[in-house]
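Good morning, everyone, and thank you for making the time. Please have a look at it first.

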Amino acid sequence: MAESTTSSDAILIDVPDPGGPLLAVENLEVEFRTDRGVVKAVNGATWSVNAHETVAILGESGSGKSVSAQAIMGIIESPPGFVTNGRVLYRGEDMLAMPRQQRRAIRGAKIAMIFQDALSSLNPVFTVGFQLSEMFKVHEGMGRSDARTRSIDLLEQVGIPSPEKRFESYPHEFSGGMRQRAMIAMSIALNPEVLIADEPSTALDVTVQAQIMELLANLQREYGMALVLITHDLGVVAEVADRVNVMYAGRIVEHGTCLEVFTRPAHPYSVGLMESIPRADMKGRRLTPIIGSPPDLANLPSGCAFHPRCRFRHSNCFDTVPPVVDVPGDGRYAACHYTDEVREAEVRV
Amino acid sequence: MSDTTSSETVTRPVSSPGPTGDPLLRVEGLVKHFPIRQGIVFKRTVGQVQAVDGVSFDLHEGETLGLVGESGSGKSTVARTLLRLHEPTAGRALFEGRNLFEMSASEMRRARRDIQIIFQDPYASLDPRMTVRDIITESWEIHRDVVPRNQRADRAKVLLERVGLNPDHINRYPHQFSGGQRQRIGVARALALEPRIIVADEPVSALDVSVQAQVINLLEEIQDDFGLSYLFIAHDLSVVRHISDRVAVMYLGRIVEIGTEDEIYEHPVHPYTQALLSATPLTDPVKARHRPDRILLEGDLPSPSHPPSGCRFRTRCFRAQAECSATDPELIDREGHGHPSACLFPEVRTAWGETSAS
């Protein structure tokens with residue numbers, strides 16, 4: 001990868017590129033064993049991301065989108081959380097089966113993550129500069145002044161004004177947007193190949209959100225990172241994603257290119273999402289919401305988890321879990337018994 | 001003090017287009033400053049957070065006025081001050097000709113029958129120890145003449161049904177409902193006193209997209225049924241566009257532009273409105289990728305305790321000129337655009353990518 005040589009001589013693990021996706025999640029299942037029963041947060045999620053690509057995981061609260069990212073990063077608290085099935089393949093190698101040491105070399109350095117809430121992800125008692133340079137000291141064995149220089153470079157790169165002064169600041173002295181920039185600086189510090197961004201702009205105002213998304217897009221272009229964007233915001237997905245995975249009740253219910261999923265959804269849930277958005281041409285008319293509420297993960301509906309809210313359902317949806325079927329288009333698939341019917345239906349998208 | 005003079009300059013009604021006739025609610029020069037206190041034993045005021053600094057607007061019968069702005073713009077403070085959940089620093093709010101801000105506690109209580117509020121957080125705004133029945137009927141304990149005691153349970157059930165909840169769930173507690181259902185309870189509570197105005201403070205922001213549309217539809221339906229006027233506060237521009245007849249855009253405690261939904265979204269003239277529209281993600285991947293030059297604002301919102309001199313937006317404005325730091329622009333229509341804006345150099349620019357082609 002030519003782009004990754006731009007600014008650093010980060011340690012390169014010599015893993016031969018098998019040509020497949022950089023990061024792939026296969027049949028991932030995660031459950032939380034709680035007092036009120038087993039909460040099935042992820043129920044067989046499968047998705048992947050290639051180098052230089054932006055893939056979105058689109059889902060509402062409780063869809064399991066953040067939990068699957070946490071499983072990749074190995075930051076699910078266990079107990080109560082357990083990965084009960086599935087593989088997480090980094091360059092074809094299963095991270096869940098690797099020796100601990102090898103896994104640690106990948107997480108953080110090769111696969112980095114940005115969290116929604118930057119304030120609680122940064123340590124409040126250390127300066128931002130200290131937390132940044134610590135990464136260089138620990139991972140790259142740099143000395144204090146080198147680490148400082150690199151950190152200041154990085155702060156400048158993510159658009160933090162007067163970085164030398166800001167190096168000495170504590171997280172609470174930063175505004176929300178600046179904090180998110182500092183988080184991004186930290187996540188790209190070791191030149192990761194995959195950046196997982198979990199709702200990176202959700203807590204931010206729309207003008208700041210635009211700045212952050214622009215920054216991520218620029219960094220991605222510059223470093224050739226693969227970007228996994230976890231979000232509930234259809235607008236953010238439409239703006240930046242190449243491919244979309246729509247997630248519902250812990251499963252990927254639809255996958256395809258951004259364009260195809262948004263213009264001709266194949267899963268009733270995707271249809272419902274598109275129809276729920278207020279648009280200019282809908283002025284003065286009622287919206288078409290999805291009926292009901294998202295499911296209780298401790299008590300998932302039988303058959304297709306979406307059937308209680310689905311307007312396309314037939315009797316078999318109540319008891320048969322729909323398999324993932326291919327859908328005409330560019331690598332498209334969906335988990336629905338009636339994808340043809342859904343695609344042909346008159347929907348407002 | 002510059003802030004006192006600046007708030008006086010905008011203390012006058014804004015002639016805004018829209019329905020003619022007397023407005024149901026006229027807000028004039030609303031100012032709300034929060035003191036910043038320091039000291040341990042002797043607290044002294046060391047500054048003022050100018051949360052709202054001279055806001056004027058009219059709300060007509062049956063109309064929805066959208067109030068948009070980012071965090072720190074003061075939009076929620078406007079809502080709360082109107083209901084006197086905060087005491088205003090200055091200004092008038094005339095409801096049917098009577099000033100809400102000069103009313104005694106008992107007069108205000110009576111006025112609140114006509115002006116109700118729906119809050120953003122459906123989890124925090126309902127008392128977890130009260131049943132749905134208690135939540136809805138509570139206001140009838142205060143305003144005893146609205147519904148006779150022996151009919152209250154039945155009326156509460158009717159209200160629940162009206163907002164799309166099962167009336168048999170009247171004895172349940174808030175935690176037994178989902179977020180969307182709780183917001184419906186909030187709507188039922190607001191409707192209990194048959195108000196004429198509902199102030200909705202980010203009513204759908206905490207909800208998932210699929211549920212958000214349900215609540216928006218509900219709000220529109222009950223508006224038609226009861227002839228309500230809404231002051232609808234939100235940061236989501238597409239939601240505000242959908243529900244509003246007129247829209248006011250706020251920045252750092254001021255309204256910077258006000259007009260009909262079409263004027264604001266199709267022909268915005270204030271640079272902040274344009275930046276806001278331009279920053280809003282489009283949900284159409286084709287248009288999103290082919291939109292004309294996006295305006296990216298630099299930096300962050302200035303501190304509301306030390307707003308910039310002159311135009312408050314000038315520190316982040318892409319059209320700012322030297323004059324902007326000296327002159328505080330009034331909210332007026334300068335160049336015959338048809339709607340007022342607080343910019344010395346207003347300029348029509350279609351920023352909303354969805355319509356820039358037409």
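Let me begin inside chain A, where the C-alpha centres of domain 1 and domain 2 of chain A lie 28 Å apart. Please keep in mind throughout that what you are looking at is a predicted model. According to the domain assignment, domain 1 of chain A covers 3-9 + 21-241, while domain 2 of chain A covers 247-279 + 286-344.

How do these two domains meet? Domain 1 of chain A brings 25 residues to the contact, and domain 2 of chain A brings 15 residues. On the side of domain 1 of chain A that touches domain 2 of chain A, the elements giving two or more residues are strand E2 (37-49), strand E3 (54-58) and helix H9 of chain A. Of these, E2(A) gives the most, with 11 residues. Sorted by class, that side of domain 1 of chain A has 12 nonpolar, 9 polar and 4 charged residues.

While we are at these strands, please find the loop between E2 and E3 of chain A, for that is where His52(A) is found. The phi angle of His52(A) is near 70 degrees, which is a positive value in a residue other than glycine.

Along the principal axes, the C-alpha atoms of chain A fill a box of roughly 65 × 50 × 45 Å. Chain A has a radius of gyration of 21 Å, which agrees with the value near 20 Å that a compact globule of 349 residues would have.

Now to the place where the two chains meet: 35 residues of chain A are in contact with 36 residues of chain B. On the side of chain A that touches chain B, at least two residues each come from helix H8 (206-223), helix H9 (234-240), helix H10 (258-263) and helix H11 (268-276) of chain A. Which helix gives the most to that side of chain A? It is H8(A), with 6 residues. By class, the side of chain A that touches chain B has 17 nonpolar, 11 polar and 7 charged residues.

Finally, let us turn to a pair of helices in chain B. Helix H4 (residues 132-142) of chain B packs against helix H5 (residues 152-162) of chain B at an angle of about 115 degrees, and their axes are 10 Å apart. Because of that angle, H4(B) is roughly perpendicular to H5(B). The crossing in which H4(B) passes H5(B) is right-handed. From H4(B), the residues Val132(B), Arg133(B), Ile136(B), Thr137(B) and Trp140(B) meet Arg152(B), Ala153(B), Ala156(B), Leu159(B) and Leu160(B) of H5(B). Taken by class, the residues of this contact of H4(B) with H5(B) divide into 7 nonpolar, 1 polar and 2 charged.

Technical notes: Residues numbered from 1 in each chain as written. Chains lettered and ligands numbered in written order. Predicted model: local features only at pLDDT ≥ 70, side-chain atom pairs only at ≥ 80, totals over all residues. Contact = placed C-beta atoms within 7 Å. Helix = DSSP H or I, 4+ residues; strand = E, 2+ residues; numbered from the N terminus. Nonpolar A, V, L, I, M, F, W, Y, C, P; charged D, E, K, R; others polar. Domains from an automatic or database assignment. Axes fitted to C-alpha atoms, helices over the stretch in contact; angles between N-to-C directions. Parallel < 35°, antiparallel > 145°, perpendicular 65-115°, else oblique. Left-handed = near helix turned anticlockwise from the far one by under 90°. Rg over C-alpha atoms; globule rule 2.2 N^0.38 Å.
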